[in-house]
Amino acid sequence: MPHVALKEICTLRQWSPLPRKAFTTSGYPVYGANGNIGYSNRYNHEQPVIAIACRGNSCGNVSLTPPFSYVTANAICAESVRHDILPLYLYYYLKQADFSRCISGAAQAQITQKALGELPVPVYPLQQQELIVKHLQKADKIIRLQQEQIQALHTLKQSFYTECFTTYTQEHACPYGTLAEIATIQCGKQNAGIASGVGPYPFFSCAKTPKRVNHYHFDCECVLLTGNIDFQLHYFNGKFDAYQRTYIIESARADISVPYLYAFLEHYIPTLQQQALGGVIKYIRRPMLNNIRVPMLPAPMRQQLGTFALNISRAEQNATQALGKIQQLHNQMLKQFFYNTL
């Protein structure tokens with residue numbers, strides 16, 4: 001199969017930087033080193049274009065912009081693709097290409113147009129390009145549908161929480177109790193480095209997914225809240241261990257279930273994020289948790305909210321795991337179609 005240099009099948013171009021003052025809250029999407037980075041009233045491409053990130057840690061990330069987009073100088077555009085190369089075929093090939101040979105720079109990684117232009121691209125017959133694009137587009141559609149399902153679950157959850165914790169409490173006289181009054185709060189005792197990918201017990205830290213350990217210090221039903229980074233929240237019932245900056249919250253009252261606390265704290269997370277202390281790394285302190293005011297909704301509502309929270313959490317986890325498997329298959333398809341092409 002013949003290979004040609006990327007510069008031979010398209011025009012590589014970097015456009016002017018977009019000043020910060022040109023960004024708006026809506027309008028035409030702007031693409032840079034990290035994909036879509038905002039909006040502007042300007043655009044420099046009427047048609048979709050392939051944009052390859054060329055600055056920083058995201059060097060080599062590939063985006064396909066929608067029509068009427070602005071691509072900044074932090075990405076190199078592959079324009080005017082040769083007539084015997086489908087633009088979508090080139091996009092999918094670049095998605096899995098190895099850009100390591102194109103990246104240079106010590107203080108900051110970068111890709112130059114000259115280095116990128118030498119990247120070899122396999123030129124399949126047009127009919128075979130069409131078949132590859134067809135299969136990968138089908139996979140992309142399945143991924144989009146799965147992402148939409150996850151977003152729909154999130155929207156449903158937030159809507160139900162708002163109805164119960166905001167609308168209801170505004171319309172009805174509702175007593176409150178501080179989290180310190182209705183729950184016990186303690187911290188994990190371990191350094192993050194003790195965790196691994198193996199072991200019979202989950203280890204909760206700042207990671208989105210718990211790691212594993214061979215021992216445990218806790219055996220209870222609780223809500224786990226990480227005290228820094230992005231404030232991950234988990235419900236768990238059983239044996240586990242936890243990072244020292246993870247808060248372990250148990251109910252201290254028989255009439256307040258842990259699932260209800262989990263539901264309320266899921267609703268309250270955005271407020272915690274706004275109240276968080278620190279600069280680059282945000283964090284929360286124990287007094288901030290102690291003083292959280294928890295509405296004491298009627299018992300039937302508390303039961304309903306707790307059950308809802310656990311059910312939708314499981315649905316979100318299942319949908320997210322399914323998305324991960326689909327994306328893994330998609331990546332395998334990319335490798336399979338372009339295997340041994342370099």
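Student: How do the residues lining the second largest pocket divide by class?
Tutor: They split into seven nonpolar, six polar and three charged (Asp, Glu, Lys and Arg are charged; Ala, Val, Leu, Ile, Met, Phe, Trp, Tyr, Cys and Pro nonpolar; the others polar). A heads-up: this is a predicted model, where local features need pLDDT of at least 70 and side-chain atom pairs pLDDT 80 or more, while totals for chains, interfaces and linings use all residues. Residues are numbered from 1 along each chain, and side-chain values use heavy atoms, leaving out hydrogens and water.

Student: OK, how much space lies in that second largest pocket?
Tutor: About 430 Å³. Of its 16 lining residues, Tyr91, Lys95, Asp140, Arg144 and His330 are the closest to the centre. A pocket here is an open set of points on a 1 Å grid, with protein on both sides within 12 Å along at least five of seven lines, and lining residues have an atom within 4 Å of a point.

Student: Which element gives the most to that lining?
Tutor: H4 does, with five residues. Strand E7 (62-64), helix H2 (87-96) and H8 also give two or more (DSSP runs: helices have at least four residues, strands at least two).

Student: And what's the volume of the largest pocket?
Tutor: About 1200 Å³. It has 29 lining residues, and Lys208, Gln232, Leu233, Glu316 and Gln317 sit closest to its centre. Elements giving two or more residues to this lining include helix H4 (126-171) and helix H8 (299-337).

Student: Is Glu118 buried, exposed or in between, and what about Lys7?
Tutor: Glu118 is partly exposed at 45% relative accessible area, and Lys7 is partly exposed too, at 44% (buried is under 20%, exposed over 50%, with a 1.4 Å probe and protein chains only).

Student: Which residues are linked in a network of salt bridges?
Tutor: Lys157, Glu266 and Glu316. And Glu316 is also one of the residues closest to the centre of the largest pocket.

Note on methods: On a 1 Å grid over the protein atoms alone, a cavity is a set of points where a 1.4 Å probe fits but cannot get out, and a pocket is an open set with protein on both sides within 12 Å along at least five of seven lines; lining residues have an atom within 4 Å of a point. Grid points are joined across faces, edges and corners, and a volume is the space filled by probe spheres set on the points. A salt bridge is a side-chain nitrogen of Lys or Arg within 4 Å of a carboxyl oxygen of Asp or Glu.
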